[in-house]
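This report describes one protein chain, from its overall make-up down to single residues. Please look at the sequence and the 3D structure before reading on.

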Amino acid sequence: MTPPLNIPPKIPFLETERLWMIAPSHENLQDWYEMRSNDQLLQFLGREKAKSLDDVKKKIDFIISDIEKGNCLLWELRRKSDGKTVGTFIAKLLLAHSRDEIGYELTQKKKKKGFMSEVLNVGIPFLFNEVG
């Protein structure tokens, strides 16, 4: 039998050398819109394209609700140098299937700069050691 997961009630603050990993918020809606309306990024994610900032706000609200229900952990990735949101890191907790999945999204301009290596080096140990 698989031991129960220790799902935190709120997204804990984590950080890498260049990024803050924080709970999602409406603070940087334009940055989120850049990710959620980019055809190149969305072709791999199977998501509906955001048509407005209001679409993005609704999606963030859905994510926050999913976090509160214990279905996922999602961190907004903000660059320390300027506070801009450059992506997200998610752990989907598929309890009914006794497995988890991780995923990420980065703005097109931030790919191939080593951000995800930093995030995975912090995020995966957190998930194994703190969540289970």
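## Surface and model

The protein exposes about 7900 Å², and carbon and sulfur atoms supply 53% of that area. Accessible areas come from the Shrake-Rupley method with a 1.4 Å probe, and for residues only the protein chains shown count as cover.

The model is predicted: local features need pLDDT of at least 70, side-chain atom pairs count only at pLDDT 80 or more, and totals for chains, interfaces and linings use all residues. Residues are numbered from 1 along each chain as its sequence is written, and side-chain values use heavy atoms, with hydrogens and water left out.

## Overall make-up

The protein has four helices and five strands. Helices (H or I, at least four residues) and strands (E, at least two) are DSSP runs, numbered from the N terminus. Starting at the N terminus, the order of elements is β-β-α-α-α-β-β-β-α.

Of the 132 residues in the protein, 40% are buried. Buried means under 20% relative accessible area, exposed means over 50%, and partly exposed lies in between (1.4 Å probe, protein chains only). A contact means heavy atoms within 4.5 Å. Among contacts between residues at least 6 apart in sequence, 58% join residues at least 24 apart.

## The nonpolar core

In soluble globular proteins, nonpolar side chains tend to be buried together. A nonpolar core is a set of buried Ala, Val, Leu, Ile, Met, Phe, Trp, Tyr and Cys residues joined through side-chain atoms within 4.5 Å. The largest such core here has 28 residues, and Trp75, Leu77, Phe89 and Leu127 touch the most other members. At least two residues of this core come from each of strand S2 (19–22), helix H1 (29–36), helix H3 (53–68), strand S3 (72–79), strand S4 (85–94) and helix H4 (115–131). H4 gives the largest share, six residues.

What does Leu77 touch, not counting residues up to four places away in sequence? Its contacts include Leu19, Trp20, Met21, Phe89, Leu106, Met116 and Val119.

## Two helices in contact

H1 and H3 pack with their axes 9 Å apart and at an angle of about 90°. H1 is therefore roughly perpendicular to H3, a word used for angles of 65 to 115 degrees, while those under 35 count as roughly parallel, those over 145 as roughly antiparallel and the rest as oblique. Axes are lines fitted to C-alpha atoms, for helices over the stretch in contact, and angles run from 0 to 180 degrees between N-to-C directions.

On the H1 side, the contact is made by Leu29, Gln30, Trp32, Tyr33 and Arg36; on the H3 side, by Leu53, Val56, Lys57, Lys59, Ile60 and Ile63. By class, this contact of H1 with H3 has seven nonpolar, one polar and three charged residues. Ala, Val, Leu, Ile, Met, Phe, Trp, Tyr, Cys and Pro count as nonpolar, Asp, Glu, Lys and Arg as charged, and the others, Gly among them, as polar.

## Two buried residues

Thr85 lies in strand S4. Thr85 counts as buried because its relative accessibility is 3%. Trp32 is 53 residues from Thr85 in sequence, yet their C-alpha atoms are 7.0 Å apart. Leaving out residues up to four places away in sequence, Thr85 touches Trp32, Met35, Leu77 and Thr107, among others.

Val119 is in helix H4 and is buried, with a relative accessible area of 0%. Beyond four places in sequence, Val119 touches Thr16, Leu19, Met21, Leu77, Phe89 and Ile124.

Is Glu15 buried or partly exposed? With a relative accessible area of 40%, Glu15 is partly exposed. Glu15 belongs to strand S1 (residues 14–15), and apart from neighbours within four places in sequence, Glu15 is in contact with Trp20, Met21, Lys80 and Val122.

Lys58, in helix H3, is exposed, with a relative accessible area of 51%. The C-alpha atoms of Lys58 and His26 are separated by 9.6 Å, although these residues are 32 apart along the chain.
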